[in-house]
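Trainee: I am new to this structure, and I would like to understand the terms used for it as well as the values behind them. Could we go through it together?

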Amino acid sequence: RRIGILSTTLMGAAAEPELLAQLARVADLLAELGHEPVDLAPLAVDGAAASLGFYTGAAVAMVGLVQMMTPMLGHPPGADELEPFTLELAAWGATLDTDTVARAGQGLAAAADAYLRVFDSVDVILSPTMAAAPWPLGRLAPHLGREELIRRTEALIGYTPIHNAAGCPAMSLPLTEVEGLPVGMHLAAAPG
């Protein structure tokens, strides 16, 4: 198989050097197994639009969750029922008009379409699962505030969320370690 090696996240950042070294090691292993690894240039995917589309969709879903839970609880859900990030997403989602939601969804769809075009030249895409070595507990704590938590999440998982939007089969394999902790390498293919 022709395997595209993706070192730059969809947000345009490179993974940490330790992860790039592990990515190269896995690419070498795949070459030894008879595959053809090829380095990919940064993809022409609007990562910011993909992120906005994803989180806008999540916010709208949380508005629906709050609406569903309110009659069951007899009051709108609060901090005793939902995490702060979920509540903040719902509050933000309640401020979004239908045009904003539609544009965000179109941005996510366009990013997915752009990602799928990469499979015109490769059979599989290999990337790190995360752009950083495993973070300490609490780095993505739900009380950090929506904007900070989204920023941190974008920095950590800038390779993988597009697969859900694009319908790509993908898997993370714990093929390497950094400082004794497992690090995943991510393989994805085109739908079908």
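Predicted model: local features only at pLDDT ≥ 70, side-chain atom pairs only at ≥ 80, totals over all residues.

Mentor: Residues are numbered from 1 along each chain as its sequence is written, and side-chain values use heavy atoms, with hydrogens and water left out.

Trainee: How many helices and strands are there in the protein, and what makes a stretch count as one?

Mentor: The protein has 6 helices and 5 strands, where helices (H or I, at least four residues) and strands (E, at least two) are DSSP runs, numbered from the N terminus. Read from the N terminus on, the elements run β-α-β-α-α-α-β-α-α-β-β. The C-alpha atoms fill a box of roughly 60 × 40 × 25 Å along the principal axes.

Trainee: Why is serine 127 called buried?

Mentor: Buried means under 20% relative accessible area, exposed over 50% and partly exposed in between, with a 1.4 Å probe and protein chains only. Serine 127 has a relative accessible area of 2%, so it is buried. This serine 127 is found in strand β3, and, leaving aside neighbours within four places in sequence, serine 127 is in contact (heavy atoms within 4.5 Å) with Leu6, Leu23, Tyr159, Met185 and His186. Of the 192 residues of the protein, 41% count as buried.

Trainee: What makes leucine 116 buried, partly exposed or exposed?

Mentor: Leucine 116, which is found in helix α4 (residues 98–116), has a relative accessible area of 25%, and because this value lies between the two cut-offs the residue is partly exposed. Not counting residues up to four places away in sequence, leucine 116 touches Ala166, Cys168 and Pro191.

Trainee: And why is glutamate 179 called exposed?

Mentor: Its relative accessible area is 78%, which is over 50%, so glutamate 179 counts as exposed. The place of glutamate 179 is in the loop between β4 and β5, and it has a positive phi of about 55° although it is not a glycine.

Trainee: How do you know that β4 and β5 pair?

Mentor: Two strands pair if DSSP finds at least two bridges between them. β4 and strand β5 (residues 181–189) have 7 bridges, in the antiparallel sense, and therefore meet that definition. In β5, the bridge partner of alanine 170 is alanine 188, and that of threonine 176 is valine 183. The two strands form a hairpin with 2 residues between them.

Trainee: What makes β2 and β4 edge strands?

Mentor: The open sheet of 5 strands has the order β2-β1-β3-β5-β4, with mixed pairing. Within it, β2 (36–39) and β4 (170–178) each pair on one side only, and they are the edge strands.

Trainee: How do you know that the buried residues of α3 line one face of the helix?

Mentor: In helix α3 (residues 84–93), Phe85, Thr86, Leu89, Ala90, Trp92 and Gly93 are buried. Seen down the axis of α3, these residues fall within an arc of 165° (the arc of the directions from the helix axis to the C-beta atoms), so they line one face of the helix. They pack against α2 (47–73) and α5 (146–156).

Trainee: Why are α2 and α3 called roughly perpendicular?

Mentor: Axes are lines fitted to C-alpha atoms, for helices over the stretch in contact, and angles run from 0 to 180 degrees between N-to-C directions. Angles under 35 degrees count as roughly parallel, over 145 as roughly antiparallel, 65 to 115 as roughly perpendicular and the rest as oblique. The axes of α2 and α3 come within 7 Å and cross at roughly 95°, and the two helices are therefore roughly perpendicular to each other.
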